[in-house]
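Take a look at the structure below. The paragraphs that follow walk through it part by part.

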Amino acid sequence: MGSQTVDGAIAIEVRWSNLLAAKVWIVTTRALLRLLWSADRMVRHMIPLRGIRTKLDCYRRADHDLRHLADLLRISISELPPTGNCAGAPDFLLLLARAVLTERPEVIVEFGSGVSTFVLAKCLEMNGTGRLISFDHSPAFAELTRRQLERQRLSADIRVVPLRPSESADHPGFWYDANDLPHAIDLIIVDGPPASLHPETRGSAGPATFAKLRNGGMVLLDDAHRSGERKILSRWRRAYPDIEFSNVDTMKGTVVGRRIGDGFSSEIRSARQRSAPGETIETAAKGALVL
Ligand SMILES: C[S@@+](CC[C@H](N)C(=O)[O-])C[C@H]1O[C@@H](n2cnc3c(N)ncnc32)[C@H](O)[C@@H]1O
C-alpha cells in the first residue's frame, strides 16, 4: 500500500476503513436479502395454510350443523342420508327443518329430490300433518331418495317427470313437466334442475309455481351464491313484488321468499325502494329463520 502523503500511516488507515465499510455493506445486504427470501417463503406457505384453515372451519361448521339437525329430527347422525356433492348442505337442511317445524306447512312442493326430501318428510311426520310432493327428472336419483325414506319408514309423493325447454322468455333453460300441482302451496323448495343444464334454469320456478303460493307461504331457493341464481333473484324481485325475498348466509347461499299479500308494511315498502337488486333486506321472515 504505497502512499504519496506526508503521513503515510493515516492514508493506510483510511483505506482499511473503506474496506471495512464495504465488507459491512456486503454482509448487511446479504442478510437483508436472506430475510426477504425467507419472508417470501413464509408468505407462500401461509397462503395454502389459510385455505386449509378455511376448509377445516367449513367442515367443523358442517359437522356442528349435522349434529344439530339430527338432534332436531330426534334421530342419530348415522341415520341421516349422506350429504355432499349435489346434496343440500347441512345448514340448508337445518334451515328447511326449522322452516317446516315452526311454520307447519300443509302442502310442500319440492323441485330436486334428495336428502332434503328426507328432512322435509321427517319434519312432516313430527308435525303429524302436511304432505310433500317432490319432483325429480332422474329416475335413478328419485329411486335413491325413495329408498332413503323407506329406511326410516317416511313417506313422500316423489314424482319423476321429464324436463322441457322453458316457456318463459325471462327464464331460459329447462323446467319440470309438472302440471298437476296443488292449487295452494305453503312451501316451495327450488333445488333443481341442475345448473349444468343452464345456469338460470331454476328461474322458471317463478312462472310455474308462484301464483299458487299462499299468502304467508314461503319459497326457498338453494345455491344462491351462484351468479345464475343472483340473476334469477333480481328477476323474481321485479316480477313478484308481493313476495319479499331475503338472502340467508348459508354455505351455498339460500334465498328465502315470503308472500306478504297485497298489504306491504311501510317498512318493507321503503326498504324495497331503497335497496339495489340483490341486496339483503332484514325482515321478520328472515329473522324467523336465522340459523
Ligand atoms: C341439487 S340436486 C338436489 C339435491 C337435493 N335437494 C338434496 O338436498 O339432496 C338437483 C338434481 O340433481 C340431480 N343430482 C343430484 N345429485 C346428482 C349426482 N351425484 N349426479 C347426477 N345428478 C345428480 C338430481 O336429479 C337432483 O334432483
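Is arginine 153 buried or exposed? Arginine 153 is exposed, because 8 other C-beta atoms lie within 10 Å. The scale works like this: a residue is buried if 20 or more other C-beta atoms lie within 10 Å of its own, exposed if 12 or fewer, and partly exposed in between, with C-beta atoms placed from the backbone. Arginine 153 sits in the loop between α4 and β3. Its phi is near 50°, a positive value in a residue other than glycine.

First, some ground rules. This is a predicted model, in which local features need pLDDT of at least 70 and side-chain atom pairs count only at pLDDT 80 or more, while totals for chains, interfaces and linings use all residues. Residues are numbered from 1 along each chain as its sequence is written.

Now the whole chain. It has eight helices and nine strands. These are DSSP runs, numbered from the N terminus: helices are H or I with at least four residues, strands are E with at least two. Of the 291 residues in the chain, 32% are buried. Take the contacts with a separation of 6 or more: residues 24 or more positions apart account for 70% of them. A contact here means that the C-beta atoms of two residues, placed from the backbone, lie within 7 Å.

Next, the sheet. Seven strands form an open sheet, in the order β3-β2-β1-β6-β7-β9-β8, with mixed pairing. Two strands pair if DSSP finds at least two bridges between them. β3 (157–160) and β8 (243–248) stand at the edges, each with a single partner strand, so one side of each is left without a neighbour in the sheet. On average, neighbouring strands of this sheet are turned by 15° against each other, direction ignored.

Follow strand β7 (residues 213–222). Seven of its 10 residues are buried, so β7 is largely enclosed by the rest of the structure. β7 runs parallel to strand β6 (residues 185–190), and five bridges join the two. Valine 190 stands opposite leucine 221 in β7. Leucine 187 has methionine 218 of β7 as its bridge partner. β7 also pairs with strand β9 (residues 254–259), over five bridges in the antiparallel sense. There, methionine 218 has arginine 258 as its bridge partner in β9.

Two helices cross. The axes of helix α3 (residues 115–127) and helix α4 (residues 139–151) come within 9 Å and cross at roughly 35°. Such axes are lines fitted to C-alpha atoms, for helices over the stretch in contact, and angles run from 0 to 180 degrees between N-to-C directions. The contact is made by Thr117, Phe118 and Ala121 of α3 and by Thr145, Gln148 and Leu149 of α4. By class, it has three nonpolar, three polar and no charged residues. Ala, Val, Leu, Ile, Met, Phe, Trp, Tyr, Cys and Pro count as nonpolar, Asp, Glu, Lys and Arg as charged, and the others, Gly among them, as polar.

Turn to tryptophan 175. Its place is in strand β5 (residues 174–176). Tryptophan 175 is buried, with 27 other C-beta atoms within 10 Å. Beyond residues up to four places away in sequence, tryptophan 175 touches Leu163, Arg164, Ser166, Ser204 and Ala208. Alanine 208 counts as buried because it has 22 C-beta neighbours inside 10 Å. The C-alpha atoms of alanine 208 and tryptophan 175 are separated by 8.5 Å, though the two lie 33 residues apart along the chain.

Last, some backbone details. Most residues other than glycine have a negative phi, and most peptide bonds are trans. Arginine 104 has a positive phi of about 50° although it is not a glycine. Arginine 104 lies in the loop between α2 (90–103) and β1 (107–111). The peptide bond from glycine 192 to proline 193 is cis, with omega near -5°. Proline 193 lies in the loop between β6 and α5.
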